[in-house]
Amino acid sequence: MFSIKNSFLLQKEPKKSHLSLAFACFFCGVFILEEILLFFFDPNELFIARFKNFQQSQEIIDQGLQFYTSKNIASFRIDDAVLLALIEKHIHTVIAPGKASDFANDPFMRMFSSRYALSDIAFSLRTDSQTKVILRNNESYLLYPPSLQSKLRDPWDDILIRSLYCDFGTYTERDFSLLQSLQDGSGDYFDTHLLLSLLFLKQNNCYDKNILKKNIDDVVQRIILSTKQDTESSDIYMERIVFLYWAGYGNRVEKKWIDIIRKNINFDSGWRTGSDIYSNAHTTGLALLALLYYQENKTQQIFYQ
């Protein structure tokens, strides 16, 4: 009986092998057909082209990581440290441990994680003699304790910090109106930081989701248009691309945008801005994140938790 059963099983095996071979042939045929269609309609998406792009990006990423010498890390601003922390999560390697502790009294430390929030931070609206709110140049809010005022550098910082800490106190319609006044329609820094502020409101559940979505969509379209019209590598160029991924619009990032980043790595292994000779940590961090995000091919990238 045992030998008869074995004989029966042996007879069945060739049929299973033929079935597996048929499936393999089918999938090979589908793959070949897909590659033929891509060759005529979208050569950049050919398997060999994608592999070559991945390899090229990885070589440039590896070169770019060499920018992070101890000397360059020592001169970090907090936004440089945040960008490097995000890079580290994607390459699964810690380059500069203890970054958050270097900025213990900076309100932007919360960008590392919401758990780093300054517990005693508070805000009040500035007003002029006619009780009209001044909109820019860090003249919209007074921060408490007063020592925090010295942490404001860029002209949108007070509004950005208010969004980052929108769950501290009550975030009102007037606060949101102030935030909207930040935009200038150019798709440049005021618009990118408007977008970042809107994303903080969304992450911290501070405002109506439908209103936020509309405002995010509007500023994203301006940023996409500005990137399409721009052909030069710069800090704002990298920032637009990275922020699109943060907003969940990574699918709108074009290969030619990434090619511009690849081509413009500097002699010192980083990326520079404008007529600068040497690279800087902010532009380099943005460039590396853009390359990593594009390589990972995800529409949404997490930047704040």
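Is Phe267 buried or exposed? Select Phe267 and show the surface. Phe267 is exposed, because its relative accessible area is 59% and anything over 50% counts as exposed. Keep in mind that this is a predicted model.

**Stop 1: around Phe267**

Stay with Phe267 and switch to the cartoon view. Phe267 sits in a loop, with helix 10 (255-263) on one side and helix 11 (281-296) on the other.

**Stop 2: the whole chain**

Zoom out and colour by secondary structure. How many helices and strands does the chain have? There are 11 helices and 2 strands. Follow them along the sequence, and the pattern reads α-α-α-α-β-β-α-α-α-α-α-α-α.

The chain has 305 residues, and 44% of them are buried.

Think about contacts too. Take those between residues at least 6 apart in sequence: 62% of them join residues at least 24 apart.

**Stop 3: the core**

Hide the surface and go inside. The largest nonpolar core holds 82 residues. Which of its members touch the most other members? Select Leu179, Leu195, Ile241, Trp246 and Ile261, for they are the ones.

Now pick out Trp246 and show what surrounds it. Skip its neighbours within four places in sequence. Trp246 is then in contact with Leu83, Leu86, Leu196, Leu199, Leu289, Tyr293, Gln300, Gln301 and Phe303.

**Stop 4: the disulfide**

A disulfide is a covalent bond between the sulfur atoms of two cysteines. This structure holds 1 disulfide. Select Cys166 and Cys206 to see it, with the sulfur atoms 2.0 Å apart. The link between Cys166 and Cys206 is right-handed, with 80° about the S-S bond.

Where in the chain do Cys166 and Cys206 lie? Cys166 is in the loop between helix 5 (157-164) and helix 6 (173-180). Cys206 is in the loop between helix 7 (189-203) and helix 8 (209-229). The two cysteines are 40 residues apart, and the pair links distant parts of the chain.

Finish by checking how covered each cysteine is. Cys166 has a relative accessibility of 2%, so it counts as buried. Cys206 has a relative accessible area of 15% and is buried as well. Both labels follow because buried means under 20%.

Terms used
Residues numbered from 1 in each chain as written. Predicted model: local features only at pLDDT ≥ 70, side-chain atom pairs only at ≥ 80, totals over all residues. Heavy atoms only, no water. Core = buried A, V, L, I, M, F, W, Y, C linked by side-chain atoms within 4.5 Å. Buried < 20%, exposed > 50% of the residue type's maximum accessible area, 1.4 Å probe, protein only. Contact = heavy atoms within 4.5 Å. Helix = DSSP H or I, 4+ residues; strand = E, 2+ residues; numbered from the N terminus. Disulfide = S-S within 2.5 Å.
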